[in-house]
Amino acid sequence: MLRSMYSGISGLKNSQTKLDVIGNNIANVNTYGFKKSRVTFKDMLSQTVAGASAATDLRGGTNPKQIGLGSTLATIDTIHDGSSLQTTTRSLDVGIDGDGYFVVRQGNAQYYTRAGNFYLDENGTLVNGDGLAVQAYRYDANGNLTNVYGDVAVNINAVMPATVTSNVVFSENLSADAITDSVYTQQIRVIDNGGNPHSIDVHFKRTATGWEYFINKDPEANPAPTSDGTLTFGADGNLTNPTAPVTFNLDIDGQAATTVDNLALTLNFAGLTMNSGPTTAIVNPNGNTEGKLDSFNIGASGDISGVYSNGEIVTLGRLALAKFSNTSGLTKAGNNLFQESINSGAANIGAAGDGRGSLVSGALEMSNVDLSEEFTEMIVAQRSFQANTRIITTSDEILQELVNLKR
């Protein structure tokens with residue numbers, strides 16, 4: 001009788017553990033980035049009444065006779081399946097569509113989370129709701145992504161100084177099918193030495209052998225202007241002349257030369273071609289006016305981009321995402337955070353989108369708790385608890401009958 005009672009007690013404990021886990025899941029049904037848990041059980045050691053015997057010429061073999069001693073806890077698994085994304089339209093909310101965890105840091109302690117509701121603190125540092133700094137890869141002065149990640153700071157009072165136009169890059173196609181003397185025009189904006197913008201026209205005129213270019217003078221309005229240069233192409237459509245960038249002095253206003261409105265430009269034509277099809281030539285000058293930081297946002301690849309009032313965009317960093325060999329081995333640290341454990345494997349940290357999930361700005365990942373599943377499991381745990389109480393009460397009644405045999 002005592003064996004059945006102790007088996008019933010083990011079942012009660014397991015049912016209560018299952019209800020504890022279900023209760024935690026349901027409590028976090030509205031927690032962004034929450035990952036539900038489940039419980040699995042296993043049977044305990046069995047008492048062997050008789051062992052198995054082998055078959056002989058005179059009789060067959062017999063199976064072992066064992067009485068189980070109840071059940072015990074096998075695992076409590078964290079289910080890291082992704083969940084649907086809820087649109088919030090808030091620029092600092094970011095959801096992960098796929099694998100990966102945001103990396104956040106407090107001092108030397110590093111944590112991982114799927115909850116992407118981020119904020120700026122008083123210093124402009126990107127943090128989560130508990131003030132842990134979000135980690136992002138940095139760009140060098142040339143705009144190349146480095147392999148160094150750290151805190152990201154956004155200076156909302158940042159001012160971008162004006163940059164004088166010094167380089168003009170030409171690219172795409174000048175049609176080989178264009179009629180001789182036809183003109184294709186691109187309007188560009190250049191910045192003078194005083195930081196002031198000016199709109200000028202770049203004209204391309206088809207010749208019998210190639211194209212000519214005219215900068216800030218219209219060959220259609222005045223057919224007598226001399227071109228500023230000739231572009232020739234080979235049979236394969238690639239540029240053959242000029243073979244190197246061209247130095248050009250631009251007089252913006254056509255008046256007497258001054259240090260403000262006259263620019264020394266480098267014209268780079270290497271990207272131009274002359275093939276059949278439409279003319280799609282693009283003229284792209286550098287330079288910008290002074291601008292103040294208007295806003296910033298986080299793109300699908302994790303780039304944190306500052307948008308300035310002059311239209312320029314500066315990438316401040318790229319969010320880092322971590323992957324693990326065994327995500328179920330991560331340790332829950334509370335506050336929507338996970339930590340590495342000895343069985344999770346070391347964090348494999350890289351840039352978002354680099355073999356990891358893409359990011360969705362203005363959205364948050366919802367909890368992956370399924371209420372219908374949890375309520376069903378709750379009913380199963382409840383009935384299991386009730387059935388095990390019946391084992392205990394029935395065994396107790398039988399023991400009572402045994403005691404009453406003396407009367």
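Rings of Phe, Tyr and Trp (its six-membered ring) are taken to pair if their centres lie within 6.5 Å, with planes under 30 degrees apart counted as stacked, over 60 as edge-to-face and the rest as tilted. Phe170, Tyr184, Phe204, Tyr213 and Phe269 form one aromatic cluster on that basis. The model is predicted, so local features need pLDDT of at least 70, side-chain atom pairs count only at pLDDT 80 or more, and totals for chains, interfaces and linings use all residues. Residues are numbered from 1 along each chain as its sequence is written, and side-chain values use heavy atoms, with hydrogens and water left out.

**Aromatic pairs**

The ring rule gives 9 aromatic pairs. In the pair formed by Tyr101 and Phe324, the ring centres are 6.0 Å apart and the planes stand at 70°, so the pair is edge-to-face. This pair links distant parts of the chain, 223 residues apart: Tyr101 belongs to strand β7 (residues 101-106), and Phe324 to the loop between β25 and β26. Helices (H or I, at least four residues) and strands (E, at least two) are DSSP runs, numbered from the N terminus. Tyr101 and Phe324 are both buried, where buried means under 20% relative accessible area, exposed over 50%, and partly exposed in between (1.4 Å probe, protein chains only). The charged end of Arg114 sits over the ring of Tyr101, 5.8 Å from its centre; the criterion is NZ of Lys or CZ of Arg within 6 Å of the ring centre and within 35 degrees of the ring normal.

**Strand β17 and its partners**

Of the 6 residues in strand β17 (residues 210-215), 5 are buried. Strands pair if DSSP finds at least two bridges between them. β17 pairs with strand β16 (residues 197-206) in the antiparallel sense over 5 bridges, and a hairpin of 3 residues joins the two. Val202 has Ile215 in β17 as its bridge partner. Strand β18 (residues 229-233) also runs antiparallel to β17, joined to it by 4 bridges. There, Tyr213, a member of the aromatic cluster, stands opposite Gly229 in β18.

**Helix α1**

Helix α1 (residues 2-27) has 26 residues and should span 38 Å at 1.5 Å a residue; its end C-alpha atoms are 37 Å apart, which agrees. The expected span is 1.5 Å times one less than the number of residues. Its buried residues include Met5, Leu12, Val21 and Ile22. Among the elements that cover the buried residues of α1 are β1 (37-43), β4 (71-78) and α2 (371-404).

**Loop residues**

Asn310 lies in the loop between β24 (303-308) and β25 (313-323) and is buried, with a relative accessible area of 9%. A polar atom of the Asn310 side chain lies 3.0 Å from the backbone nitrogen of Glu312. Beyond four places in sequence, residues in contact with Asn310 (heavy atoms within 4.5 Å) include Met160, Arg189 and Asn288. In the loop between β19 (239-241) and β20 (246-251) is Pro242; the peptide bond to Pro242 from Asn241 is cis, with omega near 5°.

Conventions
A polar contact is a pair of N or O atoms within 3.5 Å; within protein, one must be able to donate a hydrogen and the other to accept it, and residues adjacent in sequence count only if both atoms are side-chain atoms.
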